[in-house]
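Me: I have a chain open and would like to go through it piece by piece. Can you help me read it?

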Amino acid sequence: MARKLISVVLAAGEGKRMRTQGPKVLADLLGTPLLGHVLLALASAGCRTNIVVGGRHLPVMKKAFSSTAGLAWARQRKPLGTAHAVMAAQKLLPTAGADVLIVCGDAPLVRAATLQSAAAAHRKAKADVTVLTASVADAKGLGRILRDGGGKLERIVEEKDCNAEQRAIREINAGQFVVRVEALHRLLPLVGRKNAQREYYLTDLVALAGVKAHAFQLNDAEEARGVNTPRELDAARRELQARVIEELRAGGVIIPSPEHVVIEPGARVGEGTVLHPFVVIRRGASIAARCSVGPAAVLRDGARLEEGARVGNFVEVKASRLGRRARALHLSYLGDADVGEDANVAAGCITANFDGVRKHRTRIGAGVSLGAGTILVAPVRVGRKARTGAGAVVLSERNVAADSTVVGVPARPLPRPARKRRVVRRSV
């Protein structure tokens, strides 16, 4: 029978160096908390149960992830080290038949594929304990990997316990482990506190496992990056943004100035679309092929651009659909709106979607032309091929008929020009 893969996420750190009021793992990284990135990677790696270990901020963390499936929570009441944190989760673990991924909640750059590969290597080696390692240029503050003369993993030494020779080592503990649950239950009680910090180190599992310890080296050392300070959060943001842009470019998206865009993971962009400088594309936005966005446009969650749609300078789109070849090119806000194909939204148009209590939708038909500065007070409909004059204010539920033109404040229909009577002259 295949062994299950479950996780223990260490997220009890106070985050004092981040200088945040709440838990560090809730710090935002491109639209998602640090912990959220870790949980997404674990879910994609095949973990159906994830046990998050928190400290005094545990209630806040539980509230932030109340809608996330497959989570269990454990409380570490005193910060006595990483092994102590796993001990807090121990009663939630099965006694047999599983491998446990132990990861840090403040290491958001780990990839699901890496976790899957590490678990596969762990099983292939028939190891009790597998530690993920990385080779870095600057190992300051990190635990060092000690190997014997034949390159076999021996143990991990925390920097505060290193001698001068050991500090020169550049292979470090990435902070992620795969452990047979049977071995975890057997070895955790053996972890002691005879070290410089008087803490229970999870890294001691390597020495305790002896010949059953295995190392899995990361191809990309960035996946070991933890976030403890605002500077490290900025570095993680740059790395994650570079990954998103690289993936989009591989799919045919054109980004002329990648250093001047914000694109959150989870935004979908089609082939041939151009994302101009200073655009912000939030998670949950969807852009079809051959669209154009920006400069300086914002597409929020629920924004959907169909093929060939264009959103231009300083336009914000929220929970709205723009149909094929629809255009909103200047200084407009489209919130909770449906814009039909080939419609044109002129400069300064607004869908006033909020009445102070609830939000309402605006429906704009195909081929509509909105004049500059038009305000549509939702809920309202603008019929197919209708037109509004510059500065028109269409009040709530005062729908605009198809093929008509409305002007003024409040908007009112223009009378249709009278048809000239055809005079038939009779010859005499």
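Predicted model: local features only at pLDDT ≥ 70, side-chain atom pairs only at ≥ 80, totals over all residues.

Me: OK. Which residue in β9 is the bridge partner of Leu146?
Reply: Arg155 is the bridge partner of Leu146. The strands β8 (residues 144-147) and β9 (residues 153-157) pair in the antiparallel sense, over 4 bridges.

Me: How many residues lie between β8 and β9 in the hairpin?
Reply: The hairpin has 5 residues between β8 and β9. Gly151, in the turn, has a positive phi of about 90 degrees.

Me: Which residues other than glycine have a positive phi?
Reply: Leu30 is one of them, with phi of about 50 degrees, and Phe278 is another, with phi near 70 degrees. Leu30 is in the loop between β2 (28-29) and β3 (32-33). Phe278 sits in the loop between β14 (274-275) and β15 (280-281).

Me: Is Leu30 buried or exposed?
Reply: Buried means under 20% relative accessible area, exposed over 50%, and partly exposed in between (1.4 Å probe, protein chains only). Leu30 has 5% relative accessibility, so Leu30 counts as buried.

Me: And Phe278, buried or exposed?
Reply: Phe278 counts as exposed because its relative accessibility is 52%. For the chain, buried residues make up 49% of the 428 residues.

Me: New topic, sheets. What is the strand order in the open sheet of 9 strands?
Reply: The order is β14-β17-β20-β23-β26-β29-β32-β34-β35, and the pairing is mixed. Its edge strands are β14 and β35, each of which pairs on one side only.

Me: In what sense do β23 and β26 pair?
Reply: Strand β23 (residues 327-330) and strand β26 (residues 344-345) pair in the parallel sense over 2 bridges. Arg327 stands opposite Asn344 in β26.

Me: How many helices and strands are there in the chain?
Reply: The chain has 8 helices and 35 strands.

Me: Where are the cis peptide bonds?
Reply: One joins Ala378 and Pro379, with omega about 0 degrees. Pro379 is in the loop between β30 (375-377) and β31 (380-382). Another joins Val409 and Pro410, with omega about -10 degrees, and Pro410 lies in the loop between β34 (405-407) and β35 (412-413).

Me: What is the radius of gyration of the chain?
Reply: The chain has 29 Å, whereas a compact globule of 428 residues would have a value near 22 Å. The radius is taken over C-alpha atoms, and the globule rule is 2.2 Å times the number of residues to the power 0.38. Along the principal axes, the C-alpha atoms fill a box of roughly 120 × 45 × 40 Å.

Me: What about contacts between residues at least 6 apart in sequence?
Reply: Of those contacts (heavy atoms within 4.5 Å), 44% join residues at least 24 apart.

Methods: Residues numbered from 1 in each chain as written. Heavy atoms only, no water. Pairing = 2+ DSSP bridges.
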